[in-house]
Amino acid sequence: MRSHFITFEGGEGTGKSTQIKILADYLTAQGQDIVTTREPGGVDNAEKIRELLLREVENDWDGVTEVLLHYAARQEHVKKLILPTIKRGGWILCDRFTDSTIAYQGYGSGINEELISFIDQKILNGLRPDLTFIFDLSYEKSVQRLKSRCSSDRYENMNKEYHERLRKGFLNIAQREPDRCIIIDAENEIDLVAKKIRTIINTRMNL
Ligand code: TMP
């Protein structure tokens, strides 16, 4: 059976997790072998690193350290969950992957993209998702969604310039790799986005 490695990328509050769940339910109902996962995290050791990275107080990692921690988590995730799933021909629906490091640490925090690519090449050895959905949303809408969720104070920490750099980063990645990346207008209704994603999956994966 052919494996499918699909990632969901974009800024905060764009609705990725909701869409992953809808797609996973749809594919499971079709009898597919589905693994949903996320980064940073996805396996125990990587979830421990996630806790370090996303702790909201005392979080002052140097930018390069942050990249290395994301790749340390990714190494655990790839080795223990992603590669075994690919090997047995399953589907991986992953909330964030390498593109988030390029957008957040590269475009957002100004870490040299060549350094990130170098680390990526050495660690992932060319592993790329088959398909990536990039959820695009304006700063204003993102803030509105995060506020209405009340699940985190992250919106208070998000400044507009940073969001715009991230957004530009994701859009540039999509432009550079149009065969892999599809931009999703995350302002649309949940059902409409789900339908678009399902149509693309059905076409691309010959379901
Ligand atoms: P989320 O799972 O709620 O999207 O949170 C993950 C956070 O981690 C989000 O702010 C994006 C950030 N992140 C990076 O900065 N670099 C990365 O490589 C990854 C995977 C996530």
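This is a predicted model: local features need pLDDT of at least 70, side-chain atom pairs count only at pLDDT 80 or more; totals for chains, interfaces and linings use all residues.
Two packed helices are described by the angle between their axes and the distance between the axes. Helix H4 spans residues 98–108 and helix H8 spans residues 160–176. The two pack at an angle of about 135°, and their axes are 8 Å apart. H4 is therefore oblique to H8. The crossing of these helices is right-handed. On the H4 side, the contact is formed by Asp99, Ser100, Ile102, Ala103, Tyr104, Tyr107 and Gly108. On the H8 side, it is formed by Tyr162, Arg165, Leu166, Gly169, Phe170, Asn172, Ile173 and Arg176. Eight of the residues in the contact of H4 with H8 are nonpolar, four are polar and three are charged.

H4 also packs against helix H5, which covers residues 113–124. For this pair the angle is about 155° and the axes lie 10 Å apart. The angle is over 145 degrees, so H4 is roughly antiparallel to H5. The crossing of H4 and H5 is right-handed. H4 contributes Thr98, Thr101, Ile102, Gln105, Gly106 and Tyr107 to the contact, and these meet Glu113, Ile116, Asp120 and Leu124 of H5. The contact of H4 with H5 comprises four nonpolar, four polar and two charged residues. Ile102 and Tyr107 of H4 take part in the contact with H8 and also in the contact with H5.

The ligand is surrounded by 14 residues, of which Glu12, Arg50, Arg96, Thr101 and Gln105 are the closest. Thr101 and Gln105 are also among the H4 residues that meet H5. A polar atom in the side chain of Thr101 is 2.6 Å from an oxygen atom of the ligand. For Arg96, a polar side-chain atom is found 2.7 Å from a ligand oxygen atom. In Arg50, an N or O atom of the side chain is 3.1 Å from an oxygen atom of the ligand.

Most residues other than glycine have a negative phi, and most peptide bonds are trans. Arg96, in contrast, has a positive phi, near 80°. This residue is located in the loop that runs between strand E3 (91–95) and H4. The peptide bond between Glu39 and Pro40 is cis, with omega at about -10°. Pro40 is part of the loop between strand E2 (34–38) and helix H2 (44–54).

Terms used
Residues are numbered from 1 along each chain as its sequence is written. Side-chain values use heavy atoms; hydrogens and water are left out. Axes are lines fitted to C-alpha atoms, for helices over the stretch in contact, and angles run from 0 to 180 degrees between N-to-C directions. Helices (H or I, at least four residues) and strands (E, at least two) are DSSP runs, numbered from the N terminus. Angles under 35 degrees count as roughly parallel, over 145 as roughly antiparallel, 65 to 115 as roughly perpendicular and the rest as oblique. A crossing is left-handed if the near helix is turned anticlockwise from the far one by less than a right angle, and right-handed if clockwise. Contact means heavy atoms within 4.5 Å. Ala, Val, Leu, Ile, Met, Phe, Trp, Tyr, Cys and Pro count as nonpolar, Asp, Glu, Lys and Arg as charged, and the others, Gly among them, as polar. A residue is near a molecule or strand if one of its heavy atoms lies within 4 Å of it. A polar contact is a pair of N or O atoms within 3.5 Å; within protein, one must be able to donate a hydrogen and the other to accept it, and residues adjacent in sequence count only if both atoms are side-chain atoms.
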